[in-house]
Amino acid sequence: MLSEVERDEIEAQFEHYEERRAASVEALKIVQRQRGWVPDEELAEVARLLEMSAAELDGVATFYSLVFRRPVGRHVILICDSASCWVMGYECVRAQLEQHLGIGLGETTADQRFTLLPSVCLGACDHAPALMIDETLHADVEPGQLERILSGYE
Amino acid sequence: MNERPLTRNIQPGRAPLPLPAYEQAGGYQAVRRALTSMSPGEVLDEVSESRLRGRGGAGFPTGKKWSFVSTGDEAPRPKYLVVNADEMEPGTFKDRLLMEGDPHQLLEGMILGAYAIGAEVAYLFLRAEYLIAADRLRRAITEAGDAGWLGRDILGSGFSLEVHLHSSAGRYICGEETALLDALEGGRAIPRAKPPFPQASGLWGRPTVVNNVETLCNVPHIINRGAGAYRALSRGEDGGTKIYGASGHVRRPGAWELPMGTPLRELLEEHAGGMREGFAFRGVLPGGASTDFLTDEHLDTPMDFDSVMQAGSRLGTGMLIVLDDRTCPVGLCRNLEHFFAQESCGWCTPCRDGLPWVEQILAAIEAGQGRPEDLELLEQHTRLLGMGHTFCAHAPGAMEPLQSALKFFREDFERHIRERRCPYR
């Protein structure tokens, strides 16, 4: 069930737009900030607030790469796989990450600590290769630094 | 020393100027001038005369874009200005620099743009991952509102503007201007048929202009300096300066504000510092993933919209992705087409099904499983996914690097097929 805080935050968005449904992405992100992902029950509640059907809102949720409809780990790693990072060594960074975490792209570690996802260009091309962990950008990443970078996330 | 109006307040690693310092540096003077002594039509004329062309990639003249919005008392209301801050073109990081480095400059450009077209609400459509920019923009919007630069009856002019920050959640297609409007309305980001153009029927069916971040950042300087002086900042026909940049194996990857029309060679050699030790130049995507490769023979091309077009590519975002002699061109094409296939919205068949096919063929060639007839198949795709066969410019954009790679790096494709392996690994 949506908490009062979530509900208030979502309703505060409505006045920014001509229609409530325009707040759909922000509403899904509000739920995700609280829970890490967007479960079915909360999605249906949000849809009612937005005056949309749950199916329609799910269509929006699943369109976007950063709305999670399945549980993710405590920390989400977005590894940039676009052209500049690819040229500058994305494949080595990815291989090292996968080996260290024991998971592939789209997977979560057994201890629920990390989820590893590919990302389109993060806009850090002058410091490629780049990745983002939660809200922090890590740039000029060298495979040898990954263990130290990851150790900062419990 | 080049003048660099857009980045004069920006120092890498330093927080942006807060409002009082921004004002002290001449900030919001253009808004004061426009709102107290110019009509909206005069602002529009000044921007038209400046020969500012859209910096999001398409290069459409900004004044002309604005001029299609109906004005006068009969015009439908409300009207909207939407800032396309969904910067997701691979290789491109100029709008991030502008938003993180000088958020008030963007707000000032938005106020001027909204005034010119008579919009009372503006949305800043920002990609999700730009969290630092989001924080700084939010603070700037609050500061500008508190100081009366935003809100009701700005400077007693009768002109009002509210600004809302809309943070997105991924997907490259949101940067396509009509898909962006669908995203803002809360739906899946699927491009719309044109006409009607957004200026006639955009956000919620109202008159709407969508402008790129860098485009709007130019507008205060056009009003401050006047169209003629602004035009003179350029080395070519298009007015003003441009944020150029480079990534790849160059000595000094980065971004620089330079006169519009600065030659490609100068960007690569003087500003990017040439190739890194042990790497040689093979080619460059001049303006992001969806532009044709240029090579050695094009190095003297001035980097303005028409000259790059004449050289067979597009200026796009003006942010170079450099290909070196130790990186496989087939692999780079496979990477690019993977990106485009993944980011297709799925609405029209040639794009949704054609791009994954192209990616598969390229992956097979890269893995040494290509057949000689694959090159003809790829060439067919570059035609069948080209302009006129799809709903929007996504797939045609995807074909630009591929068609030029097949031309300039043909020997690499053939060698992969002949030797049944990637010679770069």
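**Reading helices and contacts**

Tutor: Let us begin with a helix of chain A: the cover over the buried residues of α6(A) includes β1 (75-80), α5 (83-87), β3 (114-119) and α7 (146-151) of chain A. Please keep in mind that this is a predicted model, where local features need pLDDT of at least 70, side-chain atom pairs count only at pLDDT 80 or more, and totals for chains, interfaces and linings use all residues. Residues are numbered from 1 along each chain as its sequence is written, while chains are lettered from A and ligands numbered from 1 in the order in which they are written.

Student: Which residues of α6(A) are buried?

Tutor: A residue is buried if 20 or more other C-beta atoms lie within 10 Å of its own, exposed if 12 or fewer, and partly exposed in between, with C-beta atoms placed from the backbone. In α6(A), the buried ones are A:Tyr90, A:Val93, A:Arg94, A:Leu97 and A:Leu101. Looking down the axis of α6(A), these buried residues fall within an arc of 95°, so they line one face of the helix. The arc is that of the directions from the helix axis to the C-beta atoms. On the face turned away from the buried side, α6(A) carries the exposed residues A:Ala95 and A:Gln99.

Student: What span should the twelve residues of α6 in chain A have?

Tutor: The expected span of a helix is 1.5 Å times one less than its number of residues. Helix α6 (residues 90-101) of chain A should therefore span 16 Å, and its end C-alpha atoms are 16 Å apart, which agrees. Just after α6(A), A:Gly102 takes a positive phi of about 70°.

Student: Which residues of helix α3 in chain A are buried?

Tutor: In α3 (residues 40-50), they are A:Glu42, A:Leu43, A:Val46, A:Ala47, A:Leu49 and A:Leu50. They fall within an arc of 160° seen down the axis of α3(A), so they line one face of the helix. Their packing partners are α1 (4-13), α2 (24-35) and α4 (54-63) of chain A. A:Asp40, A:Glu41 and A:Arg48 are exposed on the other side of α3(A). A:Glu51 follows α3(A) and has a positive phi, near 60°.

Student: How many helices and strands does chain A have?

Tutor: Helices (H or I, at least four residues) and strands (E, at least two) are DSSP runs, numbered from the N terminus. Chain A has seven helices and five strands. Buried residues make up 44% of its 154 residues.

Student: How many residues of chain A are in contact with chain B?

Tutor: Two residues are in contact if their C-beta atoms, placed from the backbone, lie within 7 Å. Here 32 residues of chain A are in contact with 41 residues of chain B. On the side of chain A that touches chain B, the elements giving two or more residues are α2, α4 and α5 of chain A. The residues of that side divide into 18 nonpolar, seven polar and seven charged. Ala, Val, Leu, Ile, Met, Phe, Trp, Tyr, Cys and Pro count as nonpolar, Asp, Glu, Lys and Arg as charged, and the others, Gly among them, as polar.

Student: And in chain B, is B:Lys407 buried, exposed or partly exposed?

Tutor: B:Lys407 is partly exposed, with 14 other C-beta atoms within 10 Å. B:Lys407 is found in helix α16 (residues 394-408) of chain B. Its C-alpha atom is separated by 9.8 Å from that of B:Glu379, 28 residues apart along the chain.
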